[in-house]
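These are my notebook entries on side-chain pairing and packing. I set down each item as I looked it up.

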Amino acid sequence: MTHDPATGADLPAAAAAQHPLPAGPHDQPPAGLRARLAGARLYLCTDARRSRGDLAEFLDAVLAAGVDIVQLREKGLEAREELALLEVFADACRRHGRLLAVNDRADVALAAGADVLHLGQDDLPVPVARRVLGPGPLIGRSSHSPAQADAAAAEPGTDYFCAGPVWVTPTKPGRPAAGLDLLTHVARGKPARPWFAIGGIDLARLDDVLAAGATRVVVVRAITEARDPAAAARAFASRLRTPAPAARPVP
């Protein structure tokens, strides 16, 4: 159920999605968060690194090396456990002036004081998430096809979106690759809001991603599984902030 502050009534999520509150300045994230998002190039998703036991050290290293946004992505966590882990993430983000993202759960994002909530195609509708969050955090959306990307680029209340997976990745089992053509499609549309390429992106593939027109990427294994995660993050950050190669020809 979702509480309707206008009437005091509780609405099912579907009804709330059909009757969103009118948009206004009070519904918008602060300008400072938007500016930091606009400057972000490297978005990292990582688990809690339980097998290594080095979460705090890892976060300090990669955030210092150039990661702009970091998200805890680990399925099956109870809210209390996720919030405890997010305290570690939040402390590191404060130290380095980076953005903290929470995946899927608006309630957890609110409780953790996150800067960003990222929603998949099957997660809460954006108007419902905004009711839960209030005006503070940014909201992102996943997209996996040209039609979904076009919708995310125009969706009211969405602050950024991701396009992919560009290549098949074990972090999204069963999801087919969208390919570089999806990135070319999005870039050709010149969306007004920031967008990130995602899915199977490593340093060897980064130039192809940039040539397709993306200027921001989401990375998982290329940093989390690197022998030296800080060096990998530094290499990504450096390449993302140098002039892009010539764009791929538009078919």
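Is His118 buried or exposed? I find His118 buried, at 4% relative accessibility. I use buried for under 20% relative accessible area, exposed for over 50% and partly exposed for what lies in between, with a 1.4 Å probe and protein chains only.

Basis of the entries. The model is predicted, and I therefore take local features only at pLDDT of at least 70 and side-chain atom pairs only at pLDDT 80 or more, whereas totals for chains, interfaces and linings use all residues. Residues are numbered from 1 along each chain as its sequence is written, and side-chain values use heavy atoms, with hydrogens and water left out.

Entry 1, surroundings of His118. I placed His118 in strand β6 (residues 116-119); helices (H or I, at least four residues) and strands (E, at least two) are DSSP runs, numbered from the N terminus. The side chain of His118 makes a polar contact with that of Ser142 at 2.7 Å. For a polar contact I require a pair of N or O atoms within 3.5 Å; within protein, one must be able to donate a hydrogen and the other to accept it, and residues adjacent in sequence count only if both atoms are side-chain atoms. Setting aside neighbours within four places in sequence, I listed the contacts of His118 (heavy atoms within 4.5 Å). They include Tyr43, Asp104, Arg141, Tyr160 and Cys162.

I next took up Tyr43, found in strand β3 (residues 42-46) and buried at 1% relative accessibility. Tyr43 and Asp68 are 25 residues apart in sequence, and their C-alpha atoms lie 5.9 Å apart. Not counting residues up to four places away in sequence, Tyr43 touches, among others, Ile69, Ala101, Val116, Phe196 and Val218. The side chains of Tyr43 and Tyr160 make a polar contact at 3.2 Å.

How many aromatic pairs does a search of the whole structure find? I recorded four. Rings of Phe, Tyr and Trp (its six-membered ring) pair if their centres lie within 6.5 Å; planes under 30 degrees apart count as stacked, over 60 as edge-to-face and the rest as tilted. The ring centres of Tyr43 and Tyr160 are 6.1 Å apart with planes at 55°, so I class the pair as tilted. This pair links strand β3, which holds Tyr43, to strand β8, which holds Tyr160, 117 residues apart. Tyr160 also forms an edge-to-face pair with Phe196, at 5.7 Å centre to centre and 80° between the planes. Tyr160 is in strand β8 and Phe196 in strand β9 (residues 195-198), so this pair ties together parts that are 36 residues apart in sequence. I find Tyr160 buried at 0%, and Phe196 is buried at 0% as well. Ring pairs join Tyr43, Tyr160 and Phe196 into a cluster.

Side chains of opposite charge can pair when their charged atoms come close. With a side-chain nitrogen of Lys or Arg within 4 Å of a carboxyl oxygen of Asp or Glu as the rule, I count 13 salt bridges. Asp68 pairs with Arg98, with 3.6 Å between the closest N and O atoms. Asp68 lies in the loop between α3 (55-65) and β4 (69-72) and Arg98 in the loop between α4 (79-96) and β5 (99-103), so the bridge ties together parts that are 30 residues apart in sequence. Asp68 is buried at 9%, while Arg98 is partly exposed at 22%.

Asp104 and Lys75 form a salt bridge at 3.0 Å, N to O. Asp104 is in the loop between β5 and α5 (106-112) and Lys75 in the loop between β4 and α4, so the two tie together parts that are 29 residues apart in sequence. Here Asp104 is partly exposed at 23%, and Lys75 is exposed at 60%.

Glu155 and Arg141 form a further salt bridge, at 3.1 Å from N to O, and both residues are buried. I also noted that Arg34, Arg130 and Asp159 belong to one network, joined by salt bridges that share partners.
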